[in-house]
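Reader: Hi! Could you walk me through this one in plain words? I'd like to start with the ground rules.

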Amino acid sequence: MFKFTDDYLLPPFEMTFALISLATSISWIYTTANFIIQFLELIGVVTEFHPTYIGLSLLAWGNSAGDLFANRSLAKMGYGVMALTGCFAGPLFNLLIGFGCLAVRETIENGTIPFKIFAFD
């Protein structure tokens, strides 16, 4: 690579390396996420917890870790109200937009959607 590059010109293989890096990053994230899911399923089998409870607790904590660090940083910088708002607004936004878009799409495609809120079948 150093043989073909110049200090003032882009290397000829830049796009190739960018695409390889993107594919490698996606595969690492996919592999790590699958490992975490399988590990949580193992915890559920060993402890005999229902997978729904595992998903509602451990996966929710994992999804909230980024918000925790961001909100802590905001609070340390003096933006306490913004951090407190982010505690509630971020998850609420994800829930309303994610679930709302899915419900609208399913309603358009299939009509009404039956909900079984407390059924763990």
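Author: Happy to. A residue is called buried under 20% relative accessible area, exposed over 50%, and partly exposed in between, with a 1.4 Å probe and protein chains only. This is a predicted model, where local features need pLDDT of at least 70 and side-chain atom pairs count only at pLDDT 80 or more, while totals for chains, interfaces and linings use all residues. Residues are numbered from 1 along each chain as its sequence is written, and side-chain values use heavy atoms, leaving out hydrogens and water.

Reader: Thanks! How many helices and strands are there in the protein?

Author: The protein has three helices and zero strands, in the order α-α-α from the N terminus. With a radius of gyration of 22 Å, well over the 14 Å that the globule rule gives for 121 residues, the protein is more spread out than a compact globule. That radius is taken over C-alpha atoms, and the rule is 2.2 Å times the number of residues to the power 0.38. Helices here are DSSP runs of H or I with at least four residues, strands are runs of E with at least two, and both are numbered from the N terminus.

Reader: What box do the C-alpha atoms fill?

Author: Roughly 65 × 40 × 40 Å, taken along the principal axes.

Reader: And what share of the 121 residues is buried?

Author: Buried residues are 5% of the 121. The accessible surface of the protein is about 10,700 Å², and 72% of that belongs to carbon and sulfur atoms. Those areas come from the Shrake-Rupley method with a 1.4 Å probe; for residues, only the protein chains shown count as cover.

Reader: Let's switch to salt bridges. How many does a search of the whole structure find?

Author: Two. The term means a side-chain nitrogen of Lys or Arg within 4 Å of a carboxyl oxygen of Asp or Glu. Arg105 pairs with Glu106 at 3.1 Å, N to O, and Arg105 also pairs with Glu109 at 4.0 Å, N to O. Through shared partners, Arg105, Glu106 and Glu109 are joined into one network.

Reader: Nice. How are Glu109 and Arg105 placed in helix H3?

Author: Glu109 and Arg105 are four residues apart in helix H3, so about one helical turn separates them.

Reader: Is Glu109 buried or exposed?

Author: Glu109 is exposed, because its relative accessible area is 53%. Arg105, at 44% relative accessibility, counts as partly exposed, and Glu106 is partly exposed too, at 22%.

Reader: What about Gly90, where does that lie?

Author: Gly90 lies in helix H3, residues 80–110. Its relative accessibility is 25%, so Gly90 counts as partly exposed.

Reader: One more topic: which loop holds Glu48?

Author: Glu48 is in the loop between helix H1 (14–47) and helix H2 (51–76). Glu48 has a positive phi of about 60°, although it is not a glycine. Most residues other than glycine have a negative phi. Glu48 is also exposed, because its relative accessible area is 71%.

Reader: And Phe118, where does that one lie?

Author: Phe118 lies in the segment after H3. Phe118 is exposed, with a relative accessible area of 73%.
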